[in-house]
Amino acid sequence: MKDFVLLISKTPEDRTFVERAAQIAGIPVRVVDSIESAGKVFQAGEIPQAVFLDLPEERSYREFDQLVNAQSRQFQEALLSDRLHFLISQNIDECPYLIAGPYAGNILKRSRALEHGGEHYGRILQGTLSQRGPELLGTEFKNRGGVTREFVLGRTIEKQSAIEKVRDLFVEHGFLGRVAEVIATAADELLMNAMFDAPVDGAGHQIYSKVDRSTDLQLVGRHAVKMVVGFDGAYGAVSVVDSFGSLERTKLLKHVLKLYKDDTYHLGTEVAGAGIGLASVFQLGGSLFFFSEQRKKTEVIAFFKRAETFREYRGHFRFLTMQFR
Amino acid sequence: MKIKKEQDGGRLIAHLQGPLENSFDFERAIGPVKGDLVLACSGVPRINSEGVKAWIQYFESLKKKGTHFSFIECSPAVVQQISAISNFACGGNVISIQVPYVCTKCRHESVVLFETADLKKSGNSVPDAACPKCGGQSVFDDIEEEFFAFLKRS
């Protein structure tokens, strides 16, 4: 693995964004403006630490897919989807080829404010390259004079009061009321996932997925759930950690991304709640970072831009990052 | 969530207050509906995925029973769901919505009530308003095409 980040894009804004992100992550950047030029880099046997790609339509995606398939098995294994960061301008539902394909690890939705997002995403990039896990709240807030609060929940019924505290905390510290409500909803969805969806038995079957979410369960031992919230002058975030590491990429894509195949989604009453919840967090301007170590832990972090208006908040670039170890 | 009910002639008005979370039992909270049902939704600040399910289950069952229902004073959180989920209103009529505003001077967040019929007539364009806190200019504060998406469908 070579110590560089490769950007495949003709767009100056992408370059500004990626250069800043790579600078924060402490890695140099190489920029090429076509898949063909990227092929020359790959054929020289150089495997980048991360690749940022602008593949605006299916044709270029197929071209990239062919390029990857033409490389050695070692190369393909090294360049797992965890290391690919797709820059898109469309809504996710307008990129079905990306959702259906094998590379949808990290998706960044551009906005007018993309160039200002490089610093933030640089820390996300660091997290994606870390073998120890993200520890993003520490990096994001503690080291920059921000505030973090930890909640350890002993029972599922403590969720509601924890969520209200989260909401009040963000309002108290100057976040817009509507953004604070979105953050509270995100905390709610992440906690429900950790409490009811994550627990699996020895055979990997979900234990509580069919249980009513109002049920009072004890959260002890491996079922313990920790939530940390943090914020500084630029961002707020909610992190929830469980000790099961049962999150699966295909399931996540199915629940979070595939809902966006339609313009607006039509919900059947039989649909399980959690995936829809995470999808709505993303739709409402939150960025999501999933880090899962199989059978050890899953950490999900939702990030929210601090803004003067809700419109400004919604206009900020968003990302969906999935890391599986 | 709490529900305050009032009978207004042939219709039952249910005022929803609080976040719609987990498996809220609308059936039990609202009780039997004789005549039309009107849901006043200004007091709903957020809805989680379980709340969405409970909502759709309840209103789909009302629809099957042939009960007429409509929604008034829908908070921005409710409007967001109506716009994002094609069957969230379950065929009910959305009469009025709270449109979010922010003051360009003091950044105070507020809402202004609009009839959806008027919004359709105006092409989903909403005028600026006076800030209820400082009297400054308050402007619409969301993304038009997403917030008003449900109006294009109806």
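**Entry 1: a residue on chain B.** I began with Glu144(B), which has 34% relative accessibility and therefore counts as partly exposed. A reminder to myself: this is a predicted model. I then looked for the partner of Glu144(B) and found Arg311(A), joined to Glu144(B) by a salt bridge with the closest N and O atoms 3.2 Å apart. This pair runs between chains, from helix H12 of chain A to helix H5 (residues 144-147) of chain B. Arg311(A) is at 33% relative accessibility, so I noted Arg311(A) as partly exposed too.

**Entry 2: the interface.** Next I wanted the wider setting of that pair. I noted 35 residues from chain A and 33 residues from chain B in the contact. The area buried between the two chains is about 2900 Å², and carbon and sulfur atoms give 45% of that area. How many salt bridges cross between chain A and chain B? I got seven. I also listed 15 residue pairs in polar contact across the interface, with both residues at pLDDT 80 or more. On the chain A side, the elements giving two or more residues are helices H8 (159-172), H9 (177-197), H11 (274-283) and H12 (310-315). Which of them gives the most? That is H9(A), with eight residues. Sorted by class, the chain A side has 12 nonpolar, 11 polar and 12 charged residues.

Entry 3: For the tally, I wrote down 27 salt bridges over all chains.

**Entry 4: bridges inside chain A.** I turned to Lys159(A) and Asp188(A), whose salt bridge has its closest N and O atoms 2.7 Å apart. Lys159(A) is in helix H8 and Asp188(A) in helix H9, 29 residues apart, and the pair links distant parts of the chain. Are these two buried or exposed? Lys159(A) is buried because its relative accessibility is 1%, and Asp188(A) is buried at 0%.

The other bridge I checked joins Arg213(A) and Asp197(A), at 3.1 Å from N to O. Arg213(A) lies in the loop between H9 and strand S7 (225-231) and Asp197(A) in helix H9, so this pair ties together parts 16 residues apart in sequence. Arg213(A) is buried at 5% relative accessibility. Asp197(A) has 18%, so it also counts as buried, with the cut-off being under 20%.

Entry 5: I found Asp14(A) in helix H1 (residues 12-25), buried at 0% relative accessibility. Its side chain makes a polar contact of 2.7 Å with the side chain of Arg110(A). Leaving out residues up to four places away in sequence, Asp14(A) touches several others, among them Leu7(A), Asp54(A) and Leu87(A).

Phe75(A) sits in helix H4 (residues 73-78) and is buried at 4% relative accessibility. With the sequence neighbours up to four places away left out, Phe75(A) touches Phe42(A), Glu46(A) and Ile47(A).

**Entry 6: chain A overall.** Chain A has 12 helices and 11 strands, and 58% of its 325 residues count as buried.

Note on methods:
Residues are numbered from 1 along each chain as its sequence is written. Chains are lettered from A and ligands numbered from 1 in the order in which they are written. This is a predicted model: local features need pLDDT of at least 70, side-chain atom pairs count only at pLDDT 80 or more; totals for chains, interfaces and linings use all residues. Side-chain values use heavy atoms; hydrogens and water are left out. Helices (H or I, at least four residues) and strands (E, at least two) are DSSP runs, numbered from the N terminus. Buried means under 20% relative accessible area, exposed over 50%, partly exposed in between (1.4 Å probe, protein chains only). Contact means heavy atoms within 4.5 Å. Buried area is the accessible area (1.4 Å probe) that two parts lose on being put together, summed over both. A salt bridge is a side-chain nitrogen of Lys or Arg within 4 Å of a carboxyl oxygen of Asp or Glu. A polar contact is a pair of N or O atoms within 3.5 Å; within protein, one must be able to donate a hydrogen and the other to accept it, and residues adjacent in sequence count only if both atoms are side-chain atoms. Ala, Val, Leu, Ile, Met, Phe, Trp, Tyr, Cys and Pro count as nonpolar, Asp, Glu, Lys and Arg as charged, and the others, Gly among them, as polar.
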